[in-house]
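Dear colleague,

Please find below the structure that I am handing over to you.

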Amino acid sequence: MKYIFEVQIKPGFRAEQYADAWVRASELIQQAPGARGTELHRKIDEPDKLIAIAHWDSKAQRDAMQDNHNPEIDSIIRSAAPFVEIRVLGSYEEPEWVVTPPNSEE
């Protein structure tokens, strides 16, 4: 499954500041059972808007990691809070099947 949220960088801060915290927290989160990687993307023509995608085997495993409240992860997230506004877009199941055009790159 994918957990997706939008990150709006507040005025006076830079996306790179948030990205530093993202990497540090992600390294710890990825040690949890079911964690399958993360991505952080900058929006084209809006460098202060990012989209974050966390990949998990299941929503239950993601929820279990979040419920465990790792103090180090919590501290990193709190340290980034002044830089951003977060809007959760939701949790999405992996598609049962994917249709791609012929000759598309995989």
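Predicted model: local features only at pLDDT ≥ 70, side-chain atom pairs only at ≥ 80, totals over all residues.

Residues are numbered from 1 along each chain as its sequence is written, and side-chain values use heavy atoms, with hydrogens and water left out.

I begin with the core. A nonpolar core is a set of buried Ala, Val, Leu, Ile, Met, Phe, Trp, Tyr and Cys residues joined through side-chain atoms within 4.5 Å. Buried means under 20% relative accessible area, exposed over 50% and partly exposed in between, with a 1.4 Å probe and protein chains only. The largest such core has 24 residues, and F5, V7, I9, Y18 and W56 have the most contacts inside it. Two or more residues come from each of β1 (2–9), α1 (15–29), β3 (46–56) and α3 (71–80); helices (H or I, at least four residues) and strands (E, at least two) are DSSP runs, numbered from the N terminus. The most is given by α1, with seven residues. Beyond its neighbours within four places in sequence, Y18 is in contact (heavy atoms within 4.5 Å) with F5, V7, I9, L40, L50, A80, F83, V84 and I86.

The helix pair comes next. α1 and α3 pack at an angle of about 165 degrees, their axes 9 Å apart; axes are lines fitted to C-alpha atoms, for helices over the stretch in contact, and angles run from 0 to 180 degrees between N-to-C directions. The two helices α1 and α3 are therefore roughly antiparallel, a term for angles over 145 degrees. On the α1 side, Y18, A21, R24, A25, L28 and I29 meet E72, I73, I76, S79 and A80 of α3.

Finally, are K49 and R36 buried or exposed? K49, in strand β3, counts as buried because its relative accessibility is 16%. Not counting residues up to four places away in sequence, K49 touches E6, V7, Q8, H41, R42 and K43. R36, in strand β2 (residues 35–43), is exposed, with a relative accessible area of 56%. Leaving aside neighbours within four places in sequence, R36 is in contact with Q30, H55, W56 and D57. R36 and I76 are 40 residues apart in sequence and 20 Å apart in space, C-alpha to C-alpha.

Yours sincerely

How values were computed:
Parallel < 35°, antiparallel > 145°, perpendicular 65-115°, else oblique.
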